[in-house]
Amino acid sequence: MTAAPAVKPLDPTKVRAEIPILHQEIRGNPLVYLDNAATTQKPAAVIDAVADFYRRDNANIHRGVHTLSQRATDAYEGARGRVRGFLGAAEDAEIVFVRGATEGINLVANSLGRSIGAGDEILISWMEHHSNIVPWQLLCERTGAVLKVAPIDDTGALILEEFEKLLSERTKVVAMVHQSNSLGTVNPVREITERAHAVGAKVLIDGAQATSHRAVDVREIGCDFYVTSAHKMFGPSGIGVLYGRRALLEEMPPWQGGGDMILTVTFEKTEYNELPHKFEAGTPHLSGPIGLAAAIDWIEALGLDAIAAHEDDLLRYGTEALSEIPGVTIVGTAPGKSSVLSFTMDGVHPHDIGTIVDQEGVAIRTGHHCTQPVMDRFGIPATARASFAAYNTREDVDALVRAVRKVAEVFA
Amino acid sequence: MSELRDLYQEVILDHGKNPRNFRVAEDANRLANGHNPLCGDKVRIYARTAEDGTIEDVAFQGAGCAISQASTSMMTQILKGKGEAEARELIARFVRLITDRAEPTDDELEALGKLAVFAGVREYPNRAKCATLGWHTVSAALDRADDPVSTE
């Protein structure tokens, strides 16, 4: 084994300078944005790429013969290539643009779902976001398939032995989150995929929380589907990606019908377009992929290994400092967890924490984070959650800790 | 910090920590459940009204933030002994205090008495639902026919 190449460390102050929205005051204090698991802020380069597209290149794609249409098509399809490279997919045709990770999961649940029948099983984990629960429940309602849930332990880690016990030849789909949005747990997705494939199940990985924190290679994971959302990775909202293995996407029927997804239409018969256009009915979110490509450029310029090292440092630093505050309990302590610091405080409801720290300029999320089963598992109604991104600094963490100490003071 | 003190005043913190009338009222004849699905706050209001509509007892159970617990707690104290019309007027007045765009007049604040401490919530529109949850729920309880309390 060769030594890992040295990672050029991030200069978070420089990174921060590239994010225009961060430079403002909230209620008289400098904004400290720690709600990155909900959505990330946008670098000037992403905002400019979207604005420039509308200023210079906007036209509908794939059909015009005029110059603008060609430019728009090139930019849109160029972005697809950029995403393919970023995720390590084999070909552009395996990258389908969707509204977000949620829509990607719904597409698979509906289209691959046509091959699911009564008695088949869908296996998910206890830490899934509602977006990776409800589409499968809907599928089960339609087909009589059964939803199975692999449990997590007290640290918030998947219990692999229990997961394995739930796998059988009845398991048709394993749908699993890559990184938990409420706990920060990072799942061993390669191992999960291997075991699921061993019983013939197809594997979908929900990467909405992963792609801005860790390098992802879908072929190394070996999964059949991978979904993510651009807005969680410094790109625009309303655009996301479904990666699917070509052989599967070829077999799967279209989910939505409309323009751009057809080759020929007569009233008797319609011939569907080739991949990935078969799954992109109607005029898409034209500027979305362009903004996403700019976000990927931005991420890669920083380097995902450098981002991961930086965020791990913030997580360690923040965990230590918060744990010292009397009454604070960290929720989600799985080994190898990433970028998410969920916590509760004795005698203080998370919403009161959220309001008081907002007063100090610190933006965190409070609530169930669209993971109610996780909250039930830990016997709590909600948590307060700070979540980190590449542009956060140790000073941000200090501001959070000061603000949480203020909460303790108010409620003393 | 001053604005914060406006929101989390001593009396609110006190009622939040030690909510009054926090119990099951076995002999209640009006009952309603309130739920804020956004934050998971839950409240169950028990009320006993006399033939003429006078509120003889109000109590509650539930879980939520300091604002929702304190507001419901103070509500139970103030509504007790009030006639139905008077109670409904106060409920409307309180909801107006929290949600109306127009600043409350001095007369309005005076009519609210101790409840005026919740004026601080006006600065935090995303907390309005916390402050009004108990009030909307008691209003639903008063709308109910004279049914015996069921657990459903």
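These legends accompany close-up views of a predicted model.

In this predicted model, local features need pLDDT of at least 70, side-chain atom pairs count only at pLDDT 80 or more, and totals for chains, interfaces and linings use all residues. Residues are numbered from 1 along each chain as its sequence is written, chains are lettered from A and ligands numbered from 1 in the order in which they are written, and side-chain values use heavy atoms, with hydrogens and water left out.

**View 1. A hairpin in chain A, formed by S11(A) and S12(A).** Here strand S11 (residues 262–265) and strand S12 (residues 270–272) of chain A run antiparallel and are joined by three bridges. Strands are DSSP runs of E, at least two residues, and helices are runs of H or I, at least four, numbered from the N terminus; two strands pair if DSSP finds at least two bridges between them. Look for Thr264(A), which sits opposite Glu271(A) of S12(A). Four residues lie between the two strands.

**View 2. Where chain B meets chain A.** On the chain B side 19 residues are in contact with 12 residues of chain A, contact meaning heavy atoms within 4.5 Å. About 1,500 Å² is buried between the chains, with carbon and sulfur atoms giving 56%; buried area is the accessible area (1.4 Å probe) that two parts lose on being put together, summed over both. One salt bridge crosses this interface, defined as a side-chain nitrogen of Lys or Arg within 4 Å of a carboxyl oxygen of Asp or Glu. In that view, Arg127(B) and Asp352(A) meet through their side chains in a salt bridge of 2.8 Å, N to O. Helices H1 (2–7), H2 (10–17) and H3 (66–79) of chain B each supply at least two residues of the side touching chain A, and H1(B) gives the most, with four residues.

**View 3. Domain 1 against domain 2 within chain A.** An automatic or database domain assignment sets the bounds: domain 1 covers 12–37 + 303–410 and domain 2 covers 47–300. Their centres, taken over C-alpha atoms, are separated by 28 Å. The two domains of chain A bury about 2,700 Å² between them, 56% of it on carbon and sulfur atoms. In domain 1, Leu304(A), Cys370(A) and Arg377(A) lose the most area to domain 2, together 22% of what that side buries.

**View 4. A salt bridge between Arg377(A) and Asp154(A).** Their side chains meet at 2.8 Å, N to O.
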